[in-house]
Amino acid sequence: MSTQRLTPKQMADYLGVTRETIYRMVRKNEIPHFKIRSRIFFSKETIEAWIRDQEQQAIGM
């Protein structure tokens, strides 16, 4: 079981936004994430599913 984990910087690069945007989204629980102690991580598999959900919601509008 090898799930790729991304840091906030890696997530910002992946989504094409700033790190500040990622931290803001985390604070507002707008993006799936998890913490290990005080460090924030993202599961690439979960993020890809979240992106698909976001796309479907946009199409459905």
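Figure 1. Of the contacts (heavy atoms within 4.5 Å) in the protein chain with a separation of 6 or more, 42% are accounted for by residues 24 or more positions apart. The model is a predicted one, in which local features need pLDDT of at least 70 and side-chain atom pairs count only at pLDDT 80 or more, whereas totals for chains, interfaces and linings use all residues. Residues are numbered from 1 along each chain as its sequence is written, and side-chain values use heavy atoms, with hydrogens and water left out. The protein chain has 3 helices and 3 strands, which are DSSP runs numbered from the N terminus (helices H or I, at least four residues; strands E, at least two), and their order from the N terminus is β-α-α-β-β-α. Of its 61 residues, 23% count as buried, where buried means under 20% relative accessible area, exposed over 50% and partly exposed in between (1.4 Å probe, protein chains only).

**Figure 2. The buried side of helix H2.** In H2, which spans residues 19–27, the buried residues are Ile 22, Met 25 and Val 26. These residues lie on the same side of H2 because they cover an arc of only 100° around the axis, the arc being that of the directions from the helix axis to the C-beta atoms. The packing partners of the buried residues of H2 are helix H1 (8–15), strand E3 (39–43) and helix H3 (44–60).

**Figure 3. The crossing of helices H1 and H3.** The axes of H1 and H3 cross at roughly 35° and come within 13 Å; axes are lines fitted to C-alpha atoms, for helices over the stretch in contact, and angles run from 0 to 180 degrees between N-to-C directions. On the H1 side the contact is made by Met 11, Tyr 14 and Leu 15, and on the H3 side by Lys 44, Ile 47, Glu 48, Trp 50 and Ile 51. By class, this contact of H1 with H3 has 6 nonpolar, no polar and 2 charged residues, with Ala, Val, Leu, Ile, Met, Phe, Trp, Tyr, Cys and Pro counted as nonpolar, Asp, Glu, Lys and Arg as charged, and the others, Gly among them, as polar.

**Figure 4. Positive phi values in two loops.** Asn 29, in the loop between H2 and strand E2 (34–36), has a phi near 55°, a positive value in a residue other than glycine, and is exposed, with a relative accessible area of 62%. Arg 37, in the loop between E2 and E3, has a positive phi near 60° and counts as exposed at 82% relative accessibility.
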